[in-house]
Amino acid sequence: MPGTHVNKQTVCQYSREGCETRSDRRVSLKSDLRSLQEGGEPEIHERVDLRAWTALGVGGQADLLIRCRSADGLQRALDLLTAYGREWLVVGSGSRLVPPDYGLRVPILNLSGNLGLWELDVDGAVASSGANLAQVCRAAARSGLGGFGALMAASGTVGGAVHSAHRGHFPLAGVLEWADLARPGAPVERVRPTVSVGHGRGLTLNLERRVILRARLKLSKDSLSSLRIRLNDEGLKRWQRQPRMAGPVFVGPDGVRAEALLAKTGCLGLVVGSARLSEGSPNRIRTGRSARAGDVVELIQTARQKVLDRAGVRLESALSFVDERGRALEP
């Protein structure tokens, strides 16, 4: 494509076949995880197909998935992983995660059960990390609460949204009041975010070797929110029924809407392999059954370069790309 420059090295890194020999230490970790189960958790799964755990249906095989349904189960898993000197990667609904095609060697933590619940109060909601953000916002709207803007149509979990807000990729400034964080060998800590200096969207939170347990979203009274949610219900339900879709894909500089730039620069329906930007909502990505992570990476690079060439603006990816050890990558 003229004027479009794709970083083939990154695409190949996501598409290459990888293999790593299992060590005795890794086998011991799995054995010890099973031995510390109480009440059926944490639940251990080996050789997990990541396509079933990501909204875009991409990624290879994960060595180990640890499913936690309570704060106690999560704490046991964190303490044991730390004792083995291991990192981890938290996966909720996988709406923003793009793991590599050759799989993940880092253990995956999945939060469900009690860690997927929420409760409304007079001016907001307290939601666990694994709760679906759109469902929380829709329930709040039906009760007469508003002030969450685009969050209602967002994909993903509350924990994923908080993590994205920390990176400056999600509009939670003024909405996120506090977050409870779990960390190895320590009690749960409650932190209140501050807005990052020089970045209007970003929130300052120390998430190093911490897992978001729950968060409080402070909302406002809105007598029209119930009416709007009823009017928008059918459209949102149609969008939620769309298979293998995630968004937002990009964030623009402060005051710049990524959707408008993508439409203006001819990115509507842009296709690479089995991945495409939606025609109706250009800041959302759809994938086919045969899609690979490499397709998504190349699509991101192609769309970003088109916008840069034609509008002189560099968009930042709002999706989460990681290597086999769970380390963040920039596509």
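The side chains of Arg-69 and Glu-43 meet in a salt bridge, with 2.8 Å from N to O. The model is a predicted one. This pair ties together distant parts of the chain, 26 residues apart: Arg-69 sits in the loop between strand 2 (61–68) and helix 3 (71–83), and Glu-43 belongs to strand 1 (residues 43–49). Arg-69 is partly exposed, and its relative accessible area is 31%.

In total, the structure holds 23 salt bridges. Side chains of opposite charge can pair when their charged atoms come close.

| Pair | N to O distance |
|---|---|
| Arg-69 and Glu-43 | 2.8 Å |
| Arg-105 and Glu-324 | 3.7 Å |
| Glu-279 and Arg-276 | 2.8 Å |

Arg-105 and Glu-324 also link distant parts of the chain, 219 residues apart. Arg-105 lies in the loop between strand 4 and strand 5 (108–111), while Glu-324 lies in the loop between strand 21 and strand 22. Arg-105 counts as buried because its relative accessibility is 8%, under the 20% limit. Glu-324, at 15%, counts as buried too. In the pair of Glu-279 and Arg-276, Glu-279 is partly exposed at 43%, and Arg-276 is partly exposed at 31%. Elsewhere, salt bridges with shared partners join Asp-121, Asp-123, Glu-177, Arg-192, Arg-216 and Lys-218 into one network.

The three strands form an open sheet in the order 4-21-22, with mixed pairing. Its edge strands, strand 4 (97–98) and strand 22 (328–329), each pair on one side only. Strand 21 (residues 320–322) pairs with strand 22 in the antiparallel sense over two bridges, and Val-322 stands opposite Ala-328 in strand 22.

Among the elements that give two or more residues to the lining are strand 3 (89–91), strand 21 and strand 22. Helix 5 gives the most, with four residues. By class, the lining has 15 nonpolar, 16 polar and ten charged residues.

The last element described here is helix 8. Helix 8 (residues 293–311) has 19 residues and spans 27 Å from its first C-alpha to its last, close to the 27 Å expected. Of its 19 residues, 15 are buried, and helix 8 is thus mostly covered. Gly-312 follows helix 8 and has a positive phi, near 70°.

Methods: Residues are numbered from 1 along each chain as its sequence is written. This is a predicted model: local features need pLDDT of at least 70, side-chain atom pairs count only at pLDDT 80 or more; totals for chains, interfaces and linings use all residues. Side-chain values use heavy atoms; hydrogens and water are left out. Two strands pair if DSSP finds at least two bridges between them. Ala, Val, Leu, Ile, Met, Phe, Trp, Tyr, Cys and Pro count as nonpolar, Asp, Glu, Lys and Arg as charged, and the others, Gly among them, as polar. The expected span of a helix is 1.5 Å times one less than its number of residues. Buried means under 20% relative accessible area, exposed over 50%, partly exposed in between (1.4 Å probe, protein chains only). A salt bridge is a side-chain nitrogen of Lys or Arg within 4 Å of a carboxyl oxygen of Asp or Glu.
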